[in-house]
Amino acid sequence: MHDIKWIRDNPEAFDAGQTRRGKEPMSGAVLALDADRRAHLTELQELQAKANAASKAIGAAMGRKDLAEAERLKAEVAEIKATIQKGEAEEREIDRTIAELLAGIPNTPADDVPLGKDEHDNVEVRRWGTPKTFDFAPKQHFDLGEALGQMDFDTAAKISGARFVLLKGKLARLERALAQFMLDLHTEVHGCTEVNPPYLVKSESAYGTGNLPKFAEDLFRTENGFWLIPTAEVPVTNIVRDEIVAEADLPFRFTAWTPCFRSEAGSAGRDTRGMIRLHQFNKVELVTIATPETSAAEHERMTASAEEVLKRLGLPFRTIVLCTGDMGFSSQKTYDIEVWLPGQNAYREISSCSNCGDFQARRMNARMRPTEGKGTRYVHTLNGSGVAVGRCLVAVLENYQNADGSVTVPEVLRPYMGGLEKIEKA
């Protein structure tokens with residue numbers, strides 16, 4: 001959510017930020033409504049002053065025993081109060097209109113975000129690892145998993161429909177091992193607090209992170225009004241909704257392993273086979289609540305934490321910064337980490353780490369009390385995948401596959417797999 005006072009004081013800068021995103025300038029529409037609201041408030045204040053004066057005059061008239069004048073003034077006050085009541089209803093409608101308009105306007109990109117239209121304009125910032133050279137044609141994960149008899153898309157489709165998977169045996173355990181490894185790394189090395197949040201959230205929570213109202217079609221909703229979480233970012237970030245935290249207690253660094261549910265609206269025809277794009281998948285999420293002064297450094301730290309997962313697994317990756325036209329709605333700046341998939345001969349996204357500035361905090365009314373000075377300030381919120389567990393399973397299968405169809409278990413995962421070194425067909 002944008003600060004309307006800031007828009008009022010900096011309309012050109014606000015429009016420039018939206019233009020960089022490829023959006024239409026919006027300051028004119030916002031400020032026109034804002035001017036209507038302020039003029040309306042002035043009228044209400046003048047009416048209230050008039051009502052107060054008339055009420056005072058009633059007392060004077062009663063003191064003079066001028067009952068006729070007192071009755072006239074009472075009628076006048078009643079009429080003014082009725083007008084004020086109607087005006088307050090109009091004020092609420094104007095406020096609602098402004099809030100709806102602001103709720104649909106994306107965050108302003110940070111100054112160092114590259115200008116661009118889409119993913120083709122994203123900028124690579126670094127690479128790690130060298131893709132392995134195979135002496136055979138590497139297979140994609142779904143061919144490997146199905147041949148092992150432990151990745152079943154047909155049964156999942158029978159149970160739930162398209163874009164679901166049923167993992168069995170050692171592959172089911174491998175996915176669990178990956179999540180446990182990530183959680184241990186983030187809690188024991190990266191200083192995060194593990195949380196196990198609800199998977200169903202209220203509309204206020206989805207609104208707070210920017211998923212509602214604009215992206216309702218991307219979510220699944222229950223018949224009694226809850227929303228299935230598209231990522232643990234939603235419930236975990238909302239821990240600080242409507243809270244005032246002490247600046248000295250920040251940053252809060254959280255991690256959570258949850259299923260995620262997405263309708264994949266608009267992805268028809270894309271990644272229709274395999275585990276890359278499912279309606280239900282598992283992810284280890286990173287969420288940080290920080291001060292405005294430290295959020296940029298926390299963004300770099302979070303991204304490095306996600307990269308460390310892939311380094312310890314020995315999975316080659318590259319990190320890119322998203323351009324203005326490819327950023328998420330709530331993001332101020334985003335790094336995507338793309339892991340190498342030899343079966344596809346391509347890098348594919350496995351993590352997205354975003355600094356949202358105070359954009360989500362304003363929607364959630366999440367504030368901090370400064371160590372020095374009075375009043376409160378909005379916190380900054382950050383979120384990132386640390387990493388997508390299903391896609392990490394895909395990357396392990398493809399990078400550690402052998403010519404005979406077996407898959408070598410990465411050394412760092414063997415303690416979580418009971419010492420198993422290789423996954424073979426049962």
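**View 1. Strands β12 and β15 lie side by side in a predicted model.** Strand β12 (residues 346–355) pairs with β15 in the antiparallel sense over 3 bridges, where pairing requires that DSSP finds at least two bridges between two strands. Ser-354 stands opposite Asn-383 in β15. Helices (H or I, at least four residues) and strands (E, at least two) are DSSP runs, numbered from the N terminus. The model is predicted, so local features need pLDDT of at least 70 and side-chain atom pairs count only at pLDDT 80 or more, while totals for chains, interfaces and linings use all residues. Residues are numbered from 1 along each chain as its sequence is written, and side-chain values use heavy atoms, with hydrogens and water left out.

**View 2. An open sheet is formed by 8 strands.** The order is β1-β10-β11-β12-β15-β9-β8-β4, and the pairing is mixed. The edge strands, β1 (123–128) and β4 (193–194), each pair on one side only. The bridge partner of Thr-288 is Leu-382 in β15. Strands of a sheet pair through backbone hydrogen bonds, either parallel or antiparallel.

View 3. Contact means heavy atoms within 4.5 Å.

**View 4. Val-284 is buried in strand β9.** This residue belongs to β9 (residues 280–290) and has a relative accessible area of 0%. Buried means under 20% relative accessible area, exposed over 50%, and partly exposed in between (1.4 Å probe, protein chains only). Not counting residues up to four places away in sequence, the contacts of Val-284 include Ala-179, Met-182, Leu-183 and His-186, together with Thr-255, Ala-256 and Trp-257. Gly-384, Ser-385, Gly-386, Val-387 and Val-389 are also among its contacts. Strand β15 (residues 380–388) is mostly covered, with 9 of its 9 residues buried.

**View 5. Cys-392 belongs to the largest nonpolar core.** A nonpolar core is a set of buried Ala, Val, Leu, Ile, Met, Phe, Trp, Tyr and Cys residues joined through side-chain atoms within 4.5 Å. Of the 48 residues in this core, Leu-174, Leu-178, Met-182 and Cys-392 touch the most other members. At least two residues each come from α5 (141–148), α7, β9, α10, β11, β12, β15 and α12; α7 gives the most, with 9 residues. Leaving aside neighbours within four places in sequence, Cys-392 is in contact with Leu-178, Met-182, Leu-310, Leu-313, Leu-315, Ile-350 and Val-387. Helix α12 (residues 389–399) is largely enclosed by the rest of the structure, because 11 of its 11 residues are buried. The buried residues of α12 include Arg-391, Glu-398 and Asn-399.

**View 6. Aromatic rings pair at separate sites, including Trp-128 with Phe-317 and Trp-340 with Tyr-347.** Rings of Phe, Tyr and Trp (its six-membered ring) pair if their centres lie within 6.5 Å; planes under 30 degrees apart count as stacked, over 60 as edge-to-face and the rest as tilted. The structure holds 7 aromatic pairs. Trp-128 and Phe-317 are stacked, at 5.8 Å centre to centre with 15° between the planes. This pair links distant parts of the chain, with Trp-128 in strand β1 and Phe-317 in strand β10, 189 residues apart. Trp-128 is partly exposed at 30% relative accessibility, whereas Phe-317 is buried at 2%. The ring centres of Trp-340 and Tyr-347 are 5.0 Å apart and their planes lie at 65°, so this pair is edge-to-face. Trp-340 is buried, with a relative accessible area of 11%, and Tyr-347 is buried at 14%. Ring pairs also link Phe-215, Phe-329 and Phe-359 into a cluster.
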